[in-house]
Amino acid sequence: MRDFFTGFRMFGRGLGILLRSPKLLLIGALPAVLTTALLLGGVIALAFRIDDLSTLVTPFADDWDSGLRTAVRVAAGAAVFGMALAIAMIGFTAITLAIGGPFYEHIAEKVEDDLGGVPGAVDLSWWKLLVMGLRDGLLLVLRSLMFTIPLLIAGFIPVVGQTVVPVLLALVTAWFLALELIAVPFYRRGMDLKQRRLVLRKRRALALGLGLPVSLLCLIPFAALIVMPVGFVGGVLVAREVLAVDQPV
C-alpha cells in the first residue's frame with residue numbers, strides 16, 4: 001500500500017509542477033485536445049449503438065423471459081461499453097503520445113532537468129518518437145485485450161459481472177496506462193517497452209497508484225485535457241523512482 005500511495009502522491013506532485021508552469025500545462029494539453037476529439041466521436045457513436053451490440057453478443061437470450069433477457073443485455077451492454085472505454089483509455093495515451101511526442105519529450109526534459117537531469121540522454125526525433133509510440137501503443141492495446149476480453153465474458157455473470165469485474169477492469173486499465181505514461185523517460189534512456197515492463201513489474205503497486213487516478217479522472221468529460229499532462233509528469237517522477245536502482249550503467 002505504501003508504493004500505491006507513493007504513486008498517487010506522484011500524480012499530485014505532477015499537478016503541482018504543472019500549476020507552477022502553466023506553459024508546460026498548455027503544451028501538454030494540445031495533443032490531448034486532438035486525441036479527445038477523435039476518440040470522443042467514437043465513444044458517442046458506440047453509445048448510440050450499444051443496444052444493437054448487446055443484442056448481437058447475446059443471441060442465446062432471444063427466447064428467454066423478457067425480464068431476464070433485458071437484465072442480461074443490460075449487463076452485456078455495460079461490459080461492452082466498459083471494455084471499449086478501457087481500450088480507448090489505453091489507446092488514448094498511445095495516440096496522444098504518438099501525436100505529441102516532441103511536446104512530451106520537452107516536458108520530460110524540462111522536469112528532469114529541474115530534478116537533476118539524465119546523464120547521456122538519447123536525442124529523439126519526432127518521427128522516431130511517433131514510430132515508437134505507435135508501435136508500443138499497439139502492442140499494449142493488443143496485450144490488454146488478453147485481459148479485457150475475458151473480463152467482458154465475465155461481465156455476463158450475475159452480481160460478479162457488476163461488482164468484481166469493473167474493479168478488475170479498472171486495475172488492468174491502470175496498469176497498461178501507467179506503462180504508457182512512463183514511456184518518454186524510458187525512451188530518453190534508450191530503454192524499450194520490454195525493459196519498461198520488467199522494471200515496472202517490480203513496483204506494480206507504484207504503477208497502479210499513478211495509473212488508477214489518471215484512468216478514473218479521464219472518465220470525466222474533457223478532464224483528460226488536464227489529467228493527461230499531469231499523468232505524464234507523474235510518469236516522469238515514477239520513472240525516476242523505479243530507475244534509481246535499475247538504471248543501466
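1. Where in H5 does a kink of about 35° lie? In this predicted model, where local features need pLDDT of at least 70, side-chain atom pairs count only at pLDDT 80 or more, and totals for chains, interfaces and linings use all residues, the kink is at Met146, shortly before the proline Pro150; the bend at a residue is the angle between axes fitted to the seven residues ending there and the seven starting there. Residues are numbered from 1 along each chain as its sequence is written, and side-chain values use heavy atoms, with hydrogens and water left out.

2. Helix H5 covers residues 126–154, and its end C-alpha atoms are 41 Å apart, which agrees with the 42 Å that its 29 residues should span at 1.5 Å a residue (expected span: 1.5 Å times one less than the number of residues). Helices are DSSP runs of H or I with at least four residues, and strands are runs of E with at least two, numbered from the N terminus.

3. The unreviewed UniProt entry lists residues 137–157 and 163–184 among its "transmembrane region" stretches, an annotation that may be inferred rather than shown by experiment. In the model, residues 137–157 are 86% helix and 0% strand, while residues 163–184 are 95% helix and 0% strand.

4. Helix H6 (residues 160–181) and helix H9 (residues 204–217) have axes, fitted to C-alpha atoms over the stretch in contact, that come within 7 Å and cross at roughly 100°; the two helices are therefore roughly perpendicular (65 to 115 degrees). H6 itself bends by about 25° at Pro166.

Notes: Axes fitted to C-alpha atoms, helices over the stretch in contact; angles between N-to-C directions. Parallel < 35°, antiparallel > 145°, perpendicular 65-115°, else oblique.
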